[in-house]
Amino acid sequence: MAKILIVDDEPRIRDLIREHLQHAGYACAEAADGTQALAALAQGSVDLVILDIMMPFMDGMTCLREMRARKIDTPVIMLTARGEEYDKLAGLESGADDYVVKPFSPRELVARVKAVLARTMPKAAEAGGVYTFGDLVIDTASHSVRVAGQEAALTPKEFDLLVFLVQNKGIALSREKILQQVWNYDYYGEDRTVDTHIKMLRSHLGACRSYIVTVWGIGYKFDPDVL
């Protein structure tokens, strides 16, 4: 049974989320701010975090950045009451896997939780391979990427995106296809999500950034032979 950590300073919101997640078969833990969340994560055994942005003491964005700085790669779904593009992109760039805007449908949130867990939980049991393209080495078993011998600090989502591109080497993939396969559901027009992650991924790949090619009018493809 997957365990979800619900982080929100409003008890009624935590209660609402917990009731729906428990009904869907998940175990739940709760925290009222980012500091409590980090303490809970330090004890391990959390499969996903639902993290509100606006909280006292330590807000969700600060908590997320601290998680990633501590190498805690537990998947995160952000909750935001604002919903501006800046908040969404800031969360994604800080390492969030998804976001939901308040007020939200509990059923939609549960669907998002299922989608993220379906993508992340099986990977620990997979016997992955190693892909080598010049100075780029991708090890799916250890979930690591090295560029010219140096480890690239990818977020879990960036890693999944890179592996999906590599597994479809030379194939032009539409943004819609990438969203369906990497995020495991439709974003209903949020193509900017793919573009943002491609930009971040390229920044981590250094001299190998040109391996990810923009296919104008379609999307992207992985082509390590590009000139």
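**Entry 1. Helix 7.** I looked up helix 7 (residues 175-183) and found Arg175, Ile178, Leu179, Val182 and Trp183 buried there. These residues cover an arc of only 100° around the axis, which puts them on the same side of helix 7. The arc is taken from the directions from the helix axis to the C-beta atoms. I noted the general rule that an α-helix has 3.6 residues a turn, so residues three or four places apart point the same way. "Buried" means under 20% relative accessible area, "exposed" over 50%, and "partly exposed" in between, with a 1.4 Å probe and protein chains only. Helices (H or I, at least four residues) and strands (E, at least two) are DSSP runs, numbered from the N terminus.

I then asked what covers the buried residues of helix 7. The cover includes helix 5, helix 6 (156-167), strand 10 (173-174), helix 8 (192-205) and strand 12 (219-222). Just after helix 7, I found Asn184 with a positive phi of about 70°.

**Entry 2. Source of the model.** I recorded that this is a predicted model, in which local features need pLDDT of at least 70, side-chain atom pairs count only at pLDDT 80 or more, and totals for chains, interfaces and linings use all residues. Residues are numbered from 1 along each chain as its sequence is written, and side-chain values use heavy atoms, with hydrogens and water left out.

The predictor's confidence in each residue is pLDDT, from 0 to 100. The protein chain averages 85, and 88% of the residues score at least 70. Over residues 122-127, pLDDT stays under 50, and the model has three contacts beyond four places in sequence for them. A contact means heavy atoms within 4.5 Å.

**Entry 3. The whole chain.** I read eight helices and twelve strands in the protein chain. Of its 227 residues, 50% count as buried. Among contacts between residues at least 6 apart in sequence, 58% join residues at least 24 apart. The chain exposes about 11,000 Å², of which carbon and sulfur atoms supply 50%. Such areas come from the Shrake-Rupley method with a 1.4 Å probe; for residues, only the protein chains shown count as cover.

**Entry 4. Nonpolar cores.** A nonpolar core is a set of buried Ala, Val, Leu, Ile, Met, Phe, Trp, Tyr and Cys residues joined through side-chain atoms within 4.5 Å. The largest has 28 residues, and those with the most contacts inside it are Leu136, Val145, Leu162, Leu165, Ile178, Leu205 and Phe222. I noted that strand 7 (136-139), strand 8, helix 6, helix 7, helix 8 and strand 12 each supply at least two residues of this core. Which element gives the most to this core? It is helix 6, with seven residues.

I listed the residues that Phe222 touches, leaving aside those up to four places away in sequence; among them are Phe133, Leu136, Leu162, Tyr211 and Ile212. A second, separate core of 22 residues includes Leu5, Met61, Met67 and Met78.

**Entry 5. Salt bridges.** I found eleven salt bridges in the structure. The term means a side-chain nitrogen of Lys or Arg within 4 Å of a carboxyl oxygen of Asp or Glu.

- Glu30 forms a salt bridge with Arg14, the closest N and O atoms being 2.9 Å apart. Glu30 lies in strand 2 (residues 27-31) and Arg14 in helix 1 (residues 11-23), 16 residues apart. Glu30 is partly exposed at 35% relative accessibility, whereas Arg14 is buried at 13%.
- Arg68 pairs with Asp97 at 3.6 Å between the closest N and O atoms. Arg68 is in helix 3 and Asp97 in the loop between helix 4 (85-93) and strand 5, so the pair ties together parts 29 residues apart in sequence. Both residues are buried.
- Asp195 is partly exposed at 25% relative accessibility.

**Entry 6. Backbone exceptions.** Most residues other than glycine have a negative phi, and most peptide bonds are trans. Against this, I noted the following cases.

- Phe57 has a positive phi of about 70°; it lies in the loop between strand 3 (48-52) and helix 3 (60-69). Phe57 is exposed, with a relative accessible area of 80%.
- Ala148 has a positive phi of about 55°, in the loop between strand 8 (144-147) and strand 9 (150-151). Ala148 is exposed at 53%.
- A cis peptide bond joins Lys102 and Pro103, with omega about -10°. Pro103 lies in the loop between strand 5 (98-101) and helix 5 (106-120).
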